[in-house]
Amino acid sequence: MDLQSRDAKARKIENLLSLRERDGPLKILEVGTGSGGIASYFGCHPTLRCEVDAVDVSDSRQSKEGFRFQQVNGVELPFPDAVYDVVISNHVIEHVGDHDAQRQHLAELHRVIKRDGIGYLAVPNRWQLVEPHYRLAFLSWLPERWRSAYVRYSGRGQDYDCRPLTVRVLEPMIAEAGFRCQQQLGRAVRSTFELERPGALSYRTILKHLPDESYRILRRVFPTLIYLLTPKVVQRGASPQHAQSIGLSNSLGSIWHDE
């Protein structure tokens, strides 16, 4: 994954989270940093005052400037509760393991974010027509037990270890973890085209003019699901559902990486 594309992705995240409107300094955590491009963008930002941590299960960084890095063994995060103003999970949750591990991933994001913090979550939609890792049509539509066989038959690899999610599964999972979510497809599409291809015909004639409600309805078939996360207000004495029902000690064999 080239660092130039990570820079554009980071600028889109900055816009969607309206980080320039938040008082600094900002403590940011990126989970599954991959090349390190997004973490480095914020760590070296010329105007935002950011203190950035990043974790991943392997060290494949191409950029190491401006942030602290820790290698982890699973979804459990090596940080105290409620310390980050911003948490970023960019195409990571589909790699962490089964649904229990995915719930734990969200629960950990919720544990480390401040109560007035904000999170960015991007997830590939299971109902995407062409799976982006192996470029195979309808791969993620298949039952899990058939996906690796399809990958091997096509000669694209040996095993398919991703678990893309659907809106119907993901949004209740986000709520269970203790977050409120706002889908951001319209803003994300407009921000991406404005940053990367402002003159594209499809953008100028159609996508730029669709109202946000259209994107909300179409999110079930969009290839990528994008949400802003804010912690729910928990009444004194109550505990988030995830804290009661989910343990946080599993280790994972899956590898997180950039999309």
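1. Basis. This is a predicted model, where local features need pLDDT of at least 70, side-chain atom pairs count only at pLDDT 80 or more, and totals for chains, interfaces and linings use all residues. Residues are numbered from 1 along each chain as its sequence is written, and side-chain values use heavy atoms, with hydrogens and water left out.

2. Q102. Start in helix α3 (residues 99-112), which holds Q102. Helices (H or I, at least four residues) and strands (E, at least two) are DSSP runs, numbered from the N terminus. Q102 is buried, at a relative accessible area of 0%. Buried means under 20% relative accessible area (1.4 Å probe, protein chains only).

3. Surroundings of Q102. A polar atom of the Q102 side chain lies 3.1 Å from the backbone oxygen of R163. Contact means heavy atoms within 4.5 Å. Neighbours within four places in sequence aside, Q102 is in contact with I93, E94, V96, G97, R163, L165 and M173.

4. Strand β4. Look next at residues 84-90, strand β4. Seven of its seven residues are buried, so β4 is largely enclosed by the rest of the structure.

5. Pairing. Two strands pair if DSSP finds at least two bridges between them. β4 pairs in the parallel sense with strand β1 (residues 26-31) over four bridges. It also pairs in the parallel sense with strand β5 (residues 113-124), over six bridges. Follow S89 in β4: V31 stands opposite, and in β5 its bridge partner is L121.

6. Crossover. From β4 the chain crosses through α3 to β5, a right-handed β-α-β crossover. Right-handed means that, with the strands pointing away from the viewer, the path from the first strand over the helix to the second runs clockwise.

Technical notes:
Buried means under 20% relative accessible area, exposed over 50%, partly exposed in between (1.4 Å probe, protein chains only). A polar contact is a pair of N or O atoms within 3.5 Å; within protein, one must be able to donate a hydrogen and the other to accept it, and residues adjacent in sequence count only if both atoms are side-chain atoms.
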